[in-house]
Structure formats: C-alpha cells, structure tokens
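Colleague: I am new to reading models of this kind, and I would like to go through one slowly with you. Could we look at the sequence and structure together before I ask anything?

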Amino acid sequence: MNKKGIITAFLLAVGLPGLRNAQAQTTYEEMEQLTVNEQITTIITASEPVRLVDISTDKVAGDQPINNIIRLKPKEAEHEDGEVLAVVTIVTERYRTQYALIYTTRMKEAVTDKEILLQEREAYNNPAVSMSTTDMTRYARRIWNSPAKFRNVATKAHRMVMRLNNIYAVGDYFFIDFSIENKTNIRFDIDEIRVKLADKKLAKATNAQTIELTPALVLEQGKVFRHGYRNVIVVKKMTFPNDKLMTIEMTERQISGRNISLNIDYEDVLSADSFNATLLEEE
C-alpha cells in the first residue's frame with residue numbers, strides 16, 4: 001500500500017469528520033432525478049412540515065400551498081431532453097432531501113406525484129425546531145385523552161361553558177387543553193380560534209397592550225360542534241407577568257355569530273410545571 005493509501009486507511013479507521021464530510025458530498029448525477037415538463041405540475045409530498053425549499057435556478061417555478069406539499073413546474077419549453085433545469089432542496093423539521101429536475105419533452109414521462117421516501121431522507125438537526133410537529137402532536141393527543149386536573153377555571157356565555165382542563169409545560173412549549181359545553185340545540189360553526197396576552201385591567205387596555213400569540217399547533221381541525229368540543233393548543237413559552245391574562249377566544253362563522261373566551265391567569269400557567277415530569281415519565 002502506498003503512502004497515500006495508508007493515510008486514507010488511517011483516517012477512515014479513526015473516523016476523521018472532514019473525511020466523512022468529503023465522502024458524503026453528492027453530485028446531481030447521484031441524486032434522485034425527477035423528470036419535469038412545463039405542461040405538468042410535479043407535486044412533492046413530505047411526511048412532515050417543510051421549513052425551507054431552495055430551487056437552484058429560476059428555470060423552475062415553485063410554491064408551497066400547504067405545509068408539507070411543494071409544487072414545481074418548468075417556466076418554459078425551450079429545453080432539450082435530459083437537460084438539468086435545477087436542483088431542489090427540501091428541508092423539513094428532521095431531515096433534508098435533494099432532487100435533480102431533468103427536463104423531458106414527453107409529457108407522459110413527467111413525474112406528477114412524488115412522495116419523499118425513507119431512503120431519500122438525510123437526517124438533519126434543524127436548529128430552528130426544538131420540537132417536531134410529530135412529537136408535538138403525540139404529546140397533545142396524550143393530553144387530550146387525559147382527565148382534567150383544573151376544575152375552577154371557566155367562563156359562561158350564550159348558554160355555553162368554556163373551561164380549562166389542563167396545562168402542561170413540555171420543552172419550550174405550553175400545551176393548553178380546553179373544552180366547551182354547548183347547552184343550546186344550535187350548532188357552533190367555528191370561524192377562528194385566537195390566543196392573546198392582555199392586561200388584567202381591560203378597561204385601560206389598548207391595542208399596544210394586547211399581544212396576539214400564534215399557536216405552534218392546534219390539535220383538532222374540526223370546524224363544527226353541536227354539544228361538546230375539546231381541543232389542545234400549543235404555544236411557545238413566553239414571559240408572562242402576573243398583571244397579564246392569557247385568553248383563548250373562539251368566534252362563530254356568522255356576521256352576528258356568538259363568541260366565547262377563556263381567561264387563564266398567571267398562577268394557572270405557573271402550575272403547568274408540576275405536570276411536566278408526570279407527562280414525560282408516562283412516555
């Protein structure tokens with residue numbers, strides 16, 4: 001074995017990171033290739049929400065209509081068969097994938113529907129994701145199926161009762177479990193569910209004193225209920241001073257529709273920590 005071979009063998013044996021990275025490099029010829037045509041929309045479906053999409057050239061148009069779907073299509077027809085139009089990189093919460101987009105003049109050869117397969121996924125530790133949607137949903141489902149621990153946090157309006165069932169703190173998130181009892185015979189068509197942080201002294205509150213919180217997850221997506229409703233909303237942990245209230249507000253999909261809201265006090269949120277360890281131990 002020559003000197004170069006001995007050095008390479010030694011580096012392989014000790015697992016030098018730089019060498020492993022070099023061997024992991026990929027060209028477009030080694031990627032999964034998708035044939036595309038300007039008359040066909042290519043749909044790529046990921047198994048979890050997509051956080052980033054990069055298309056390496058402007059020869060291909062793309063968008064993301066929903067969180068785990070990507071649509072791609074060449075912008076024009078003036079290409080040769082086999083021409084590489086672009087490389088598309090897809091980054092989800094836990095993996096990344098790359099495809100080489102190859103032009104074909106024959107529509108029947110263009111890929112219309114592509115699911116990202118397990119063997120095409122390269123594990124990726126996304127620093128922007130502290131908890132994946134899959135894990136978040138799993139925790140939320142367990143909470144939804146658990147018995148209520150809160151009994152005295154509730155509000156009444158329009159012959160409905162909205163109450164807090166549980167608050168869990170898991171990782172960087174609060175999991176808020178609430179339910180509504182509808183004592184009327186009129187179904188409730190949900191328009192939207194909003195989460196706000198506002199002053200306790202509502203009379204002095206202004207727009208600047210109310211903060212809208214965007215949920216990281218709303219477990220149940222159903223839009224209609226007649227008698228009973230339960231859901232789990234996940235929000236990022238935030239500074240929550242004791243002069244503030246967290247409010248979950250549900251409005252009805254009608255011009256003169258009903259609305260009901262639940263105020264959660266600072267002390268109730270603090271008590272979430274006592275449930276955290278129990279939930280994790282059950283996993």
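**Salt bridges and a strand residue**

Modeller: Arg94 counts as partly exposed at 39% relative accessibility, where partly exposed lies between buried (under 20% relative accessible area) and exposed (over 50%), using a 1.4 Å probe and protein chains only. Please keep in mind that this is a predicted model, in which local features need pLDDT of at least 70 and side-chain atom pairs count only at pLDDT 80 or more, while totals for chains, interfaces and linings use all residues. Residues are numbered from 1 along each chain as its sequence is written, and side-chain values use heavy atoms, with hydrogens and water left out.

Colleague: Which side chain meets that of Arg94 in a salt bridge?

Modeller: A salt bridge here is a side-chain nitrogen of Lys or Arg within 4 Å of a carboxyl oxygen of Asp or Glu. For Arg94 the N to O distance is 3.0 Å, and the partner is Glu48.

Colleague: How many residues apart in sequence are the parts that this pair, Arg94 and Glu48, ties together?

Modeller: Strands (E) are DSSP runs of at least two residues, numbered from the N terminus. Arg94 lies in the loop between strand E6 (84-92) and strand E7 (95-103), whereas Glu48 lies in the loop between strand E2 (42-45) and strand E3 (50-55), so the parts tied together are apart in sequence by 46 residues.

Colleague: Is Glu48 buried or exposed?

Modeller: The relative accessible area of Glu48 is 2%. Because buried means under 20%, Glu48 is classed as buried.

Colleague: Where does Arg230 lie, the residue that forms a salt bridge with Asp177?

Modeller: The closest N and O atoms of Asp177 and Arg230 are 2.5 Å apart. Asp177, which is buried with a relative accessible area of 0%, lies in strand E12 (residues 173-182), and the pair ties together parts that are 53 residues apart in sequence, since Arg230 lies in strand E17 (residues 228-236).

Colleague: How many salt bridges does the count come to by this rule?

Modeller: Besides the pairs already discussed, Asp189 forms a salt bridge with Arg187, with the closest N and O atoms 3.2 Å apart. By this rule, the count comes to 16.

Colleague: Which residues does Thr155 touch, not counting residues up to four places away in sequence?

Modeller: Thr155 lies in strand E10 (residues 154-157) and is partly exposed, with a relative accessible area of 23%. With contact meaning heavy atoms within 4.5 Å, and without residues up to four places away in sequence, Thr155 touches Met160, Val161, Met162, Ile260, Ser261 and Leu262.

Conventions. Helices (H or I, at least four residues) and strands (E, at least two) are DSSP runs, numbered from the N terminus.
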